[in-house]
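Thanks for coming. I have one model to go through today, and I will keep it short. Please have a look at it first.

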Amino acid sequence: MIAIQNLHFAYRKKPVFTGLSLQLQPGHIYGLLGKNGTGKSTLLRNIAGLLFPDKGKIEVLGFTPGKREPSFLQEIFMVPEEFYLPDVPLWHLVQHHAPFYPKFNKAQFEKYIAEFEVPAGSTLQNMSYGQKKKVLISFGLASNASMLLMDEPTNGLDIMSKSQFRKVMAGALDENKCIVISTHQVKDLENLIDRVTIIDEGKILFDQTIGAISRKLSFQISFDSEEVKNALYSESSLRGAAIITTNTEGEESKLDLELLYKAIVLNGAAVTSVFKD
Amino acid sequence: MNQLFDAGRWWLLVGKHWSENRKKYTLSLIAIAGLLLFWFIVILAVDGHRGIGTTMQSTTYYFGLFVVGCLYASILFADLGSKTRGLNYLVVPASHLEKLCCSLFYAVILFFACYTAIFYIVDVLVLKTANAIGYSYWAKHHLPTDIFEPQKIVNVFYLPEHSRSDNDLIYLLMTYFVVQSVFILGSIYFAKFSFIKTVIASLLIGLLITFIVGKLIIPILPPGSYHNGMNSYQAYTVKDTPSGDGIMIYSDAATDKLVSLPGWINTILLFLLKFAFAPLFWLAAYFRLKEKEI
């Protein structure tokens with residue numbers, strides 16, 4: 001669905017990607033994790049055809065994104081971190097924007113709006129930032145575009161809204177859709193994504209499915225100093241040390257995405273070595 | 001699916017643009033009508049006995065058309081200057097050509113039609129009122145046998161009193177479309193302060209052309225001057241002074257040489273001005289839009 005080969009991209013003289021390659025398949029929700037300024041948004045904008053690679057090739061659904069052909073644009077929907085929605089009533093948005101997306105489903109849109117508890121009769125002008133964001137997410141999901149790119153979608157959402165977001169997203173995926181969620185708030189994506197891609201300094205540090213992570217790694221709290229010492233990564237807390245070890249028992253533990261992220265960034269070589277065999 | 005242009009998709013864009021901008025456009029048209037009305041009232045108040053002549057009417061029309069038309073053109077792609085708005089604009093599933101044609105439809109066709117309609121509505125209203133007031137004043141000071149001559153409503157595309165075989169106002173109108181197309185291109189090129197930057201860029205290009213003409217072309221021409229526009233050049237007579245220590249340059253119809261460009265070159269230049277320059281700038285805008293990154 002998305003094939004990125006040897007992507008090179010720079011903002012003027014500041015290189016962001018120097019040879020990034022990545023494959024994304026339909027039927028998955030990808031979590032694109034990384035620190036601020038590591039190139040997550042730049043990658044999404046390259047995929048959406050808003051930025052053009054300096055070198056390398058990006059192919060999305062058989063299209064070259066940079067050409068921004070209508071057939072491509074109606075199969076891709078982007079929810080940017082900072083976004084603009086015109087000051088029109090909600091029904092205007094459906095009447096004038098939805099026809100551009102042939103697979104747009106009005107009933108679905110209304111369902112998502114209801115789930116997000118957005119007042120349907122209101123104009124976008126009178127909505128809060130969070131409500132507008134929920135409208136945009138609902139519209140993106142209801143567009144049924146094959147490719148949904150979300151950049152920090154939970155920024156600006158309150159605790160309840162984040163929970164609603166996870167619920168809505170979990171029910172939105174089907175085998176033809178590919179959803180990429182970029183965030184640095186890794187906790188927000190727990191139990192939602194099925195593949196973790198960690199990007200740092202313009203490079204893919206880690207790219208594994210949740211299933212593979214659960215099979216290979218074990219996440220636990222330990223009071224055993226020897227176990228903590230031998231762990232792939234450890235972090236002390238008030239209730240013992242949170243550790244990541246190689247899963248030798250075959251028992252699946254609850255994935256701590258934040259801990260995994262820190263482990264990859266701070267001790268990536270040790271963690272990734274587990275996945276090599 | 002046609003990736004370059006689809007009439008249905010273009011019409012959707014037109015509808016979307018209207019739904020998002022109708023308040024702004026309606027208020028702007030009311031403001032234009034208000035300004036025209038205010039201007040005509042000022043003229044009548046200052047110089048009421050002479051009324052508003054056809055020259056003043058057409059001058060007002062073209063001044064407003066150039067100023068407002070170019071201001072509007074310079075904000076046509078202002079969305080591209082904002083990251084959030086630009087992104088929203090570029091991801092709309094329509095081709096670059098459809099997006100450009102939608103903007104041209106509003107800025108070139110619809111604005112021109114609306115501005116002309118508003119001008120005439122205000123013009124007719126003001127002249128009818130001015131003529132009625134003028135007649136009542138005139139009737140008190142003239143004999144019933146005298147004939148009152150009301151102010152006429154101008155045809156802004158044709159001035160009979162200045163008519164030639166080729167009507168100059170059509171060229172003025174076409175020049176407007178060329179100038180407006182420059183501002184449309186400027187609105188894509190310059191993210192911020194597009195109007196001012198386009199004016200500055202146009203001035204710089206104008207200065208460059210003047211410099212090239214003044215420093216490179218004129219020195220290689222013989223002493224003389226352009227004759228009857230820019231189509232022909234009158235080379236003055238050059239003779240040695242009687243003392244033989246210098247030269248004399250003077251104009252003498254008998255000995256001056258007149259070099260004229262062939263008529264077809266003039267025809268082509270006029271054709272370019274009328275029909276080609278504006279589309280060329282629109283084409284440049286299309287390619288600029290295609291390569292726009294956000």
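I'll begin with burial: of the 294 residues in chain B, 22% are buried. Keep in mind that this is a predicted model.

Now the fold of that chain. Chain B contains seven helices and five strands. Going along the sequence, the order is α-α-α-α-α-α-β-β-β-β-β-α, and chain B is more spread out than a compact globule, because its radius of gyration is 26 Å, well over the 19 Å from the globule rule for 294 residues. Along the principal axes, the C-alpha atoms of chain B fill a box of roughly 80 × 70 × 30 Å.

How far apart in sequence are the residues that touch in chain B? If we take contacts between residues at least 6 apart, 71% of them join residues at least 24 apart.

Next, a helix pair in chain B. Helix 1, residues 7-47, packs with helix 4, residues 96-141, at an angle of about 30°, and the axes are 9 Å apart. The cut-off for roughly parallel is under 35 degrees, so helix 1 of chain B counts as roughly parallel to helix 4 of chain B. By class, their contact has 21 nonpolar residues, one polar and three charged. As for handedness, helix 1 of chain B passes helix 4 of chain B in a right-handed crossing.

Over to chain A, and a second pair. Here the axes of helix 4, residues 106-115, and helix 5, residues 129-142, come within 9 Å and cross at roughly 150°. Parallel or antiparallel? The cut-off for roughly antiparallel is over 145 degrees, so helix 4 of chain A is roughly antiparallel to helix 5 of chain A. This crossing of helix 4 and helix 5 of chain A is right-handed.

Which residues make the contact? From helix 4 of chain A they are A:Q108, A:F109, A:Y112 and A:I113, and from helix 5 of chain A they are A:S138, A:F139, A:L141 and A:A142. Sorted by class, the contact between helix 4 and helix 5 of chain A has six nonpolar and two polar residues, with no charged ones.

Last, the interface between the chains. In total, 23 residues of chain A are in contact with 22 residues of chain B. On the chain A side, helix 2 (70-73) and helix 3 (90-97) each supply at least two residues. That side of chain A divides into 15 nonpolar, five polar and three charged residues.

That is what I have; I'm happy to take questions.

How values were computed. Residues are numbered from 1 along each chain as its sequence is written. Chains are lettered from A and ligands numbered from 1 in the order in which they are written. This is a predicted model: local features need pLDDT of at least 70, side-chain atom pairs count only at pLDDT 80 or more; totals for chains, interfaces and linings use all residues. Helices (H or I, at least four residues) and strands (E, at least two) are DSSP runs, numbered from the N terminus. The radius of gyration is taken over C-alpha atoms; the globule rule is 2.2 Å times the number of residues to the power 0.38. A residue is buried if 20 or more other C-beta atoms lie within 10 Å of its own, exposed if 12 or fewer, and partly exposed in between; C-beta atoms are placed from the backbone. Two residues are in contact if their C-beta atoms, placed from the backbone, lie within 7 Å. Ala, Val, Leu, Ile, Met, Phe, Trp, Tyr, Cys and Pro count as nonpolar, Asp, Glu, Lys and Arg as charged, and the others, Gly among them, as polar. Axes are lines fitted to C-alpha atoms, for helices over the stretch in contact, and angles run from 0 to 180 degrees between N-to-C directions. Angles under 35 degrees count as roughly parallel, over 145 as roughly antiparallel, 65 to 115 as roughly perpendicular and the rest as oblique. A crossing is left-handed if the near helix is turned anticlockwise from the far one by less than a right angle, and right-handed if clockwise.
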